[in-house]
Every structure is written in structure tokens, then in C-alpha cells.
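Dear colleague,

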Amino acid sequence: MRGRPDGAQKKRLITSVCVVAVFLGFIYFYYGSVFGSQGRGASALEYGSKSLRKLGSSYLGGDDESDKEDGTKFGLEEGEDDSVPKSFPVCDDRHSELIPCLDRNLIYQMRLKLDLSVMEHYERHCPPAERRFNCLIPPPPGYKIPIKWPKSRDEVWKANIPHTHLAHEKSDQNWMVVKGDKIVFPGGGTHFHYGADKYIASIANMLNFSNNVLNNDGNVRTVLDVGCGVASFGGYLLSSDMITMSLAPNDVHQNQIQFALERGIPAYLGVLGTKRLPYPSRSFEFSHCSRCRIDWLQRDGILLLELDRVLRPGGYFAYSSPEAYAQDEEDLRIWKEMSALVERMCWRIAAKRNQTVIWQKPLTNDCYMQREPGTQPPLCRSDDDPDAVWGVQMEACISPYSEHDHRVKGSGLAPWPARLTSPPPRLADFGYSNDMFEKDVELWRKRVDNYLNILSPKIQSDTIRNVMDMKANLGSFAAALLKNKDVWVMNVVPEDGPNTLKVVYDRGLIGTIHSWCEAFSTYPRTYDLLHAWTVFSDIEKKGCSVEDLLLEMDRVIRPSGFIIIRDRQSVIDYVKKYMVALHWEAVDSSSTEQDQDGEEVVFIVQKKLWLTSESLRDTE
């Protein structure tokens with residue numbers, strides 16, 4: 001009858017539907033597997049691939065329940081599907097210098113409403129999960145293993161940082177000069193055209209320090225240089241046993257911090273904007289600004305007060321700028337207002353000569369207590385924690401000293417190098433005894449000796465220069481390493497744990513607060529060695545992406561650089577699954593060793609040098 005199929009037709013229809021269903025199911029599971037467990041894209045050596053999506057997702061552009069389980073993957077049983085990629089795509093070449101949390105393109109794309117007048121656009125703005133890159137950052141065409149320290153202080157490969165605009169823009173100031181395939185640094189700066197060494201000696205002479213050496217017999221050790229340029233000031237202080245946090249934003253002088261790190265000089269991308277600098281109070285003995293183009297009078301002097309917060313009792317601020325010597329009406333006005341401000345802050349002029357003035361911060365709270373009621377700027381509230389810095393807004397107030405510092409009239413620190421291993425007074429803030437401190441020093445001395453024994457077949461005396469301890473605690477890893485190698489260490493302290501960074505600074509070391517759920521404020525390929533002590537276990541507890549962290553570590557480490565992971569066995573096993581995708585290789589079979597407490601395992605890897613097809617063509 002019309003409209004009524006017979007039995008054969010009905011059977012053929014059912015068969016067809018089943019075939020289509022099976023085919024669609026095959027497509028779904030096959031491509032789901034390809035995207036989810038075979039790299040979520042092209043091979044890691046396919047150049048130009050673009051991959052912008054949420055990490056940990058099992059499909060491109062997706063967001064599923066697997067993202068919520070990233071923090072628990074270490075505990076998977078053998079045989080379970082943990083979607084580990086066999087390769088990662090390579091980011092497009094325009095991302096070879098990507099700094100995820102300081103990405104101007106992200107600011108434009110997200111239409112962030114930022115106040116440019118207070119430098120908000122130079123502060124950290126991290127991408128949301130769905131906008132993170134899950135690709136390997138490629139080296140620029142022609143990339144070479146960096147020149148070794150100390151030769152690198154004076155020259156780097158042009159191919160590694162192919163930006164020469166600063167050489168032309170600052171040609172009259174001897175910042176840098178292009179010579180063939182290298183960029184050379186004569187040691188000049190905006191204010192010290194004839195060399196940072198002579199300028200530093202003149203500052204020491206102004207302060208009547210012995211032998212014109214700025215370290216003042218080891219009593220001036222930690223330095224903050226704001227608006228540092230290519231960090232020649234900090235670079236030339238190293239020979240005087242002084243360590244400088246050279247600070248500058250990713251502004252119109254792009255790549256200045258990248259040049260500093262390529263040279264092997266400590267440096268950090270940051271800005272005096274609206275948030276506190278990521279350093280505890282009373283961290284630096286000396287601060288410096290040489291024509292750094294900062295308006296110190298803005299917002300009731302809030303930037304100068306931030307500098308005051310991080311200076312130690314009796315600390316110095318050397319200011320070389322036209323306002324210190326020029327006689328035109330505007331410069332005279334600025335000088336008059338700035339002089340009045342620092343006087344109300346209880347600073348005094350320690351020395352003034354030619355184009356430089358050096359102010360000194362008081363040793364005690366006496367001057368603060370003697371100010372007239374209502375004097376501006378005010379003292380900070382009693383409940384204000386001057387050491388709370390991660391994401392904390394600056395305030396236009398003066399942070400008074402602790403009772404200890406006020407009583408001893410200073411920080412009570414031993415001169416360098418004794419302070420490296422001397423228990424600092426602020427240990428007591430954490431309930432640590434001197435005996436606990438000394439045991440920590442000895443424990444990390446043994447651990448570092450073990451690390452160096454494992455690495456000995458792979459490294460020479462100058463192989464490692466820039467080092468990051470991703471979870472520094474009291475800084476004893478850095479202290480032990482300094483005894484063996486000519487290195488500097490960026491000591492990172494987690495934002496949500498005990499703020500032991502002030503102990504790190506009190507030992508004459510430098511570092512910063514950071515959350516490893518976010519990208520670090522540095523350029524790609526800037527560190528020779530990363531040390532990750534239980535960092536993976538920590539972010540697992542926070543529910544952050546392990547895969548994100550692995551890619552971030554790969555971004556930061558230089559080709560041929562080393563990563564030391566000290567964590568649980570399950571963490572090590574999980575990381576090993578990513579070795580091929582990341583182009584990492586284990587140093588040797590002895591790099592896995594049981595710790596004395598039986599809970600931590602050591603695993604050391606090396607990042608291979610890989611080049612994109614374009615890089616290979618350029619090299620040829």
C-alpha cells in the first residue's frame with residue numbers, strides 16, 4: 001500500500017542508520033583521540049602553527065570536565081587515560097618573545113580599560129584560561145647558544161635578540177653598538193656616557209666610602225635600579241660584590257630587560273605603577289634612578305613612598321636627573337617640591353654634586369614621631385602589612401620600622417659575605433630558630449653538591465649563569481650554589497605561603513613573589529637553570545594546570561638549559577610523559593635519586609636546542 005514500506009525496505013533503512021552511526025562514532029573517537037592525546041595540533045617542529053586555547057582541554061577551543069581534573073592527574077592508576085600529548089605545536093614566529101602576562105596584544109584584544117597616566121598598561125595582566133597558548137615558543141631565526149659569562153657582560157649574539165633600534169636611538173650615550181653578528185655594550189648609560197664604572201666610583205666618592213667602592217666594606221649589598229636601561233649600572237656593580245635588581249617595564253625601550261638577561265645580569269620586568277613592587281619592605285640598601293623619566297611627585301608622592309617602603313633603615317637613593325642641577329623654571333619647581341616631599345619623609349641629603357643628589361633614609365622612627373600632626377604623607381595604618389605585595393595597591397603613606405629595627409638603629413645585618421650564612425633577625429617572624437636556619441643551610445649544601453655531581457658530565461665552569469629557584473624558602477639553595485658557581489639566582493617565593501622573601505633579601509640575595517598558576521615576568525629563553533622543589537605538588541593542590549607550568553618552564557629556560565625537579569615520585573612519573581613533547585631529555589640514569597626522608601625524588605632534565613624550518617634556512 002502507498003506510504004507503507006515493505007519488510008526489506010525497513011531492514012535496509014535500519015542497516016543504513018547503523019552504518020552511519022558507527023561511522024560517526026569512529027570519527028568522534030578517532031579525532032577526539034588525535035586532538036586530546038597526540039598533541040592537540042601539529043608536530044612540535046611544524047613551524048607557524050597557531051594554537052590559542054585553554055590548556056588541558058581535550059578538544060580545540062573546548063572546555064570540558066577534564067580541565068577541572070588537571071590538579072589530580074598525578075594520582076592516576078597505570079593504564080588510565082591521562083591525555084598526555086606526544087607533541088606540542090610551535091607558536092607562530094611573532095610569538096618568539098611572548099610574555100603572556102605582559103602582552104600588549106592581549107590588552108588590545110580584551111579591550112582592558114587601563115589608566116595609561118599611571119602605567120597600568122605596563123603592569124601584569126594575565127590571559128584567562130581560554131586565551132592561553134599551548135604551544136612551544138620558537139627561538140628566533142639564527143639563534144645561538146648565548147655567549148658565556150663574564151664575556152657576555154660586554155657582548156651578545158645579535159641573532160638572539162634581533163633588535164637594534166636602541167643602538168641607533170642611544171648611539172650618543174653608549175648603551176650598545178652593533179658590530180657584525182654581535183651587539184656590544186660599552187657600559188654607557190643615559191647619564192653616564194663614559195662608563196658605569198666611573199659613575200659608580202664617583203657615587204662612592206660622594207659618600208666617602210673607602211677606596212671609592214660602593215659596597216662600603218660589605219654593608220651595601222642589595223640594590224634596586226629603577227628605569228635601568230640595559231642594566232649596565234647593575235652589571236658593573238657585580239665586581240664590587242653587589243647584587244642589583246634591575247627593573248624596567250616593557251615600554252618604548254623594548255627588549256632592554258631581555259638584553260640585560262642575555263648579558264647575564266640580574267633583571268626583572270616591572271614598573272612603578274599602581275601596585276606594590278613584588279619585594280618585601282626593607283629589602284635594599286641602595287636604590288638608583290638615572291634619568292629614569294619617573295614623575296616622583298604624582299599622586300602625593302606615592303612612587304617615592306613605594307621606594308621608601310623597600311629601602312632599609314639608613315638606605316640611600318641616588319638620583320641623577322636635570323631636576324638636581326638645571327636652572328630653568330620648571331626644573332627648579334620640581335626640585336623645590338621634591339625636596340620638600342623628601343624632607344617630610346624624613347630623608348636627608350647625604351651628598352650632592354654636579355648632576356647627582358643622594359638622599360638617605362632615617363635609621364629610626366624618631367623623626368616620624370616628631371613630625372607635626374597632620375603632616376603629609378601620613379604614616380601607614382597600624383594594620384597595614386608592608387610585606388604584603390602580591391596584587392596589593394600602593395598607598396601614599398610611610399611604613400615605619402619594626403620595634404627591632406628602631407631599637408638597633410638599622411637592620412642588624414652582618415656585612416657581606418658573612419650575611420649569606422648568618423641567621424638574619426627577621427627569622428623570628430616565622431618562628432625559626434638559629435639552629436633551624438643552620439640545619440637548612442647544611443641540608444641544601446648537601447643537596448646542591450648532589451645536583452652538581454649529577455650535572456658534572458654536562459656542565460663546565462661557565463655553563464650556568466642565570467638561575468631561578470622556583471620555591472626558594474629561606475634561600476639556602478642559592479646560598480649553596482653561590483659557593484660553587486659564578487651565578488646569580490632569582491629566588492621566587494609563592495604568593496600564598498610564608499613570605500620568607502625578606503629572609504632571602506636579608507641574606508644578601510634577591511628574588512620576587514610569584515604565583516606559578518601564572519606566567520613569570522620575563523622574556524623567553526632567559527634562564528640557564530630552573531630549580532623546582534615541590535612546585536608541581538603545590539600547584540596540584542591549587543587546582544592549576546600542570547601542563548601550563550611545564551610549557552611556562554620551557555618558555556623561560558634557554559635551549560641546552562637544565563631543570564631540576566625535586567618532588568614526589570608520582571610527579572616525576574607524570575613529567576616524564578611530557579619529555580618527548582617538550583623536547584627535553586633526562587641528563588642520565590643517576591638523575592633519579594631517593595631523598596633521605598624517602599618522600600622526594602630528584603629528576604634532572606635538559607632542554608634540547610631545536611630550530612624551526614625558517615631558523616634552519618637562516619642558519620644555512
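The lining of the largest cavity comprises 15 nonpolar, 1 polar and 6 charged residues (Ala, Val, Leu, Ile, Met, Phe, Trp, Tyr, Cys and Pro count as nonpolar, Asp, Glu, Lys and Arg as charged, and the others, Gly among them, as polar). A cavity is a set of points on a 1 Å grid over the protein atoms alone where a 1.4 Å probe fits but cannot get out, and lining residues have an atom within 4 Å of a point. Of the 22 lining residues, Pro 100, Phe 133, Ala 519, Asp 548 and Glu 552 lie nearest the centre. This cavity holds about 320 Å³, a volume being the space filled by probe spheres set on the points, which are joined across faces, edges and corners.

This is a predicted model, in which local features need pLDDT of at least 70 and side-chain atom pairs count only at pLDDT 80 or more, while totals for chains, interfaces and linings use all residues. Residues are numbered from 1 along each chain as its sequence is written, and side-chain values use heavy atoms, leaving out hydrogens and water.

Strand β12 (residues 488–494) pairs with β13 in the parallel sense over 5 bridges (pairing requires at least two DSSP bridges), and Val 493 has Ile 513 as its bridge partner.

Kind regards

Methods:
1 Å grid on protein atoms, 1.4 Å probe; cavity = no way out; pocket = protein on both sides within 12 Å on 5 of 7 lines; lining within 4 Å. Helix = DSSP H or I, 4+ residues; strand = E, 2+ residues; numbered from the N terminus.
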